[in-house]
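Subject: Structure handover

Hello,

Here is the structure you are taking over. My notes come after it.

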Amino acid sequence: MIVGDLSRREFGTRLAGDGLRLQFGPFNLCIRSNLDSFASLAHRLYTPYPLLDEETLSDFHVEIRSPRGLHRWFRRQACFGVDGQTPFAPYTVEHAFPALEWGINWCVATRSHHLLMLHSGTVERNGQAILFPASPGDGKSTLCTALAHSGWRLLSDEFGLVRPEDGMLLPLPRLIPLKNESIEVIRRFRPEATIGPSFLDTRKGTVAHVRPPLESIRRAQEPARPRWLIFPRWVAGAPFALEAMPKSQAFLMVASNAFNYDVLDETAFRLVSEIVRSCDCYSLVYSDLNEAIPALDELCNTMAG
Amino acid sequence: MPSRLTVQEHPGDQLCEPSPISYLTKTAAEAGLIWENWDDLFVVYQPSSAETHVFNETTGSILECLGESALSADELKNQTEAALGVSQSELDDTDFAFALQRLEELGLIERLDDPSAAQ
């Protein structure tokens, strides 16, 4: 059963009641909200995601709701909560949706130490994955969105989730939060992409959420093997450049971009070493998706052939 | 960068005075190191401190050359030069002293008055 099987009314009732139980890749979530505007958008953008039955244990119990007490009468605000705690200052109620999406990512990044978590976009084709480790603003979400709408399967635009047992990458194909200029770039590049409304003046500028293609969401339980490490950097007007990178440098950049390298100690060292050993490593500078996507396709086809 | 990831820098103008005590040996911590060798660098995990280090060729070779018995600094420098494939005295004294200092700080080598006291 998926979210789309619920009527808007039933969806809202679950959110306001015991909670809506959703599966995002390896994580089970229970989401609550008493905000009608949030429910409407969530019903639309979460449509293809699998629902879980009420007996399923949840990894995180999250909520986005109006504040309790007198505060709710003075300002229209939305508070993100997880397991009964409210770790962030309230958001304006108009930003409830991105607030919940960020909150879920925060839960994953701070509470999933059974996995090595690389700060990396990840896409897959023919069972082989590209990792795009990068800092915020380097264009990994834009690149992942473009690839996911060009025949690649999105694993995640934000997390390279590495399973310690076998080094496989676990998919977490959540909504992709595009920021600022990237929103128009993707609208032009793939007009058919499902993109939610633009939220203006958020803590990260203007944000709009892209729903990954259905294939990526349907195959969210299929892991993939790392094959390429590509460190992207979007530079306005720069010519396309894809250059081999020394593995020692790749190791440092992957380890320093991980969310929990320090937490996992030797396990993290062994996993990052194995990824670097088994991947071809490149740096990528791009300004035009119409150059970058065919070049990455060709890289994949050449290696596969 | 994670706090437990350290990269070796060039000594630059730092003054690395060699110690007057000149016998060197590996510590027990060195035995547990996990090594990766890429390009001309060594990426090394030290379980005793949960730190990851990046060593250049000189530092990596020093550890490789230190066997079971203690060596004088001169003997170790000679062996390191041979391992690196450079001629005698070609390895810069400052670079060598800096590498020794770093390995001592990390607890991977120690200096001994009496070479027979080596582990």
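The notes below cover a sheet and a pocket in chain A, then chain B.

This is a predicted model, in which local features need pLDDT of at least 70 and side-chain atom pairs count only at pLDDT 80 or more, while totals for chains, interfaces and linings use all residues. Residues are numbered from 1 along each chain as its sequence is written, chains are lettered from A and ligands numbered from 1 in the order in which they are written, and side-chain values use heavy atoms, with hydrogens and water left out.

Sheet in chain A. Five strands of chain A form an open sheet with mixed pairing, in the order S1-S2-S3-S4-S5. Strands S1 (20-24) and S5 (91-92) of chain A stand at the edges with a single partner strand each, so one side of each has no neighbour in the sheet. S1(A) pairs with S2(A) (residues 27-33) in the antiparallel sense over five bridges; A:Leu20 has A:Ile31 in S2(A) as its bridge partner. Helix H1 (residues 8-16) of chain A packs on the sheet and touches S1 and S2 of chain A, its direction making about 95 degrees with that of S2(A). Terms: strands (E, at least two residues) and helices (H or I, at least four) are DSSP runs numbered from the N terminus; strands pair if DSSP finds at least two bridges between them; contact means heavy atoms within 4.5 Å; axes are lines fitted to C-alpha atoms, for helices over the stretch in contact, with angles from 0 to 180 degrees between N-to-C directions.

Chain B. It has four helices and seven strands, which run β-β-α-β-β-β-α-β-α-α-β from the N terminus on. Of its 119 residues, 45% count as buried (under 20% relative accessible area, with exposed over 50% and partly exposed in between; 1.4 Å probe, protein chains only). Among contacts in chain B between residues at least 6 apart in sequence, 60% join residues at least 24 apart.

One residue of chain B in detail: B:Ser61 lies in helix H2 (residues 57-65) of chain B and is buried, with a relative accessible area of 6%. Leaving aside neighbours within four places in sequence, B:Ser61 is in contact with B:Phe42, B:Thr80, B:Ala83 and B:Leu84.

Pocket lining in chain A. H6(A) gives the most to the lining of the largest pocket, with five residues. A pocket here is an open set of points on a 1 Å grid over the protein atoms alone, where a 1.4 Å probe fits, with protein on both sides within 12 Å along at least five of seven lines; lining residues have an atom within 4 Å of a point.

Regards
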